[in-house]
Amino acid sequence: MARRKKNLHPKKNTEALITAFKIGSSIGAIWDKDIKVEVPANADMKKLKASNKISTSATIKPDPSSETEYTNPVSFTVTAEDRPTKNV
């Protein structure tokens, strides 16, 4: 019986996407590099924490789960496992 060789260098994920974004119970609408989230009028825009889903093995900076000021648009950088980045 022939033995299969293990792939010592598996292909790295090339995707750098935010696939879901949410602040509290408000779900974000995602269009390519833009995300729009409508939050309650009484929300403190200087101290919001978001949750997100990104491509497998990718990273995101700054961390949306940290308190973030959203009084102005915020840019996130998503880096794929193989290092290409996408600014959102």
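Biologist: How do the residues of the lining of the largest pocket divide into nonpolar, polar and charged?

Modeller: There are twelve nonpolar, two polar and three charged residues. Ala, Val, Leu, Ile, Met, Phe, Trp, Tyr, Cys and Pro count as nonpolar, Asp, Glu, Lys and Arg as charged, and the others, Gly among them, as polar. This is a predicted model, where local features need pLDDT of at least 70 and side-chain atom pairs pLDDT 80 or more, while totals for chains, interfaces and linings use all residues. Residues are numbered from 1 along each chain as its sequence is written, and side-chain values use heavy atoms, without hydrogens and water.

Biologist: How much space lies in the largest pocket, and which residues lie nearest its centre?

Modeller: Rolling a probe the size of a water molecule over the atoms shows where empty space is left. On a 1 Å grid over the protein atoms alone, with a 1.4 Å probe, a pocket is an open set of points with protein on both sides within 12 Å along at least five of seven lines; lining residues have an atom within 4 Å of a point. Here the space is about 370 Å³, a volume being what probe spheres set on the points fill. Of the 17 lining residues, Ile35, Lys36, Tyr70, Pro73 and Val74 lie nearest the centre.

Biologist: How many helices and strands does the chain have?

Modeller: Both are DSSP runs numbered from the N terminus: helices are H or I of at least four residues, strands E of at least two. This chain has zero helices and eight strands.

Biologist: Which strands form the open sheet of three strands, and in what order?

Modeller: Two strands pair if DSSP finds at least two bridges between them. The order is β2-β1-β5, paired antiparallel. Pairing on one side only makes β2 (26-27) and β5 (50-54) the edge strands. Two bridges join β1 (residues 18-23) to β2, where Ser26 is the bridge partner of Ile23.

Biologist: Where is Ser65 found, and why does it count as partly exposed?

Modeller: Buried means under 20% relative accessible area, exposed over 50%, and partly exposed in between (1.4 Å probe, protein chains only). Ser65 counts as partly exposed because its relative accessible area is 39%. The residue sits in the loop between β6 (59-61) and β7 (77-79).

Biologist: Which residues does Ser65 touch?

Modeller: Contact means heavy atoms within 4.5 Å. Leaving out residues up to four places away in sequence, Ser65 touches Lys49 and Ala50. The C-alpha atoms of Ser65 and Ser51 are separated by 5.7 Å, although these residues are 14 apart along the chain.
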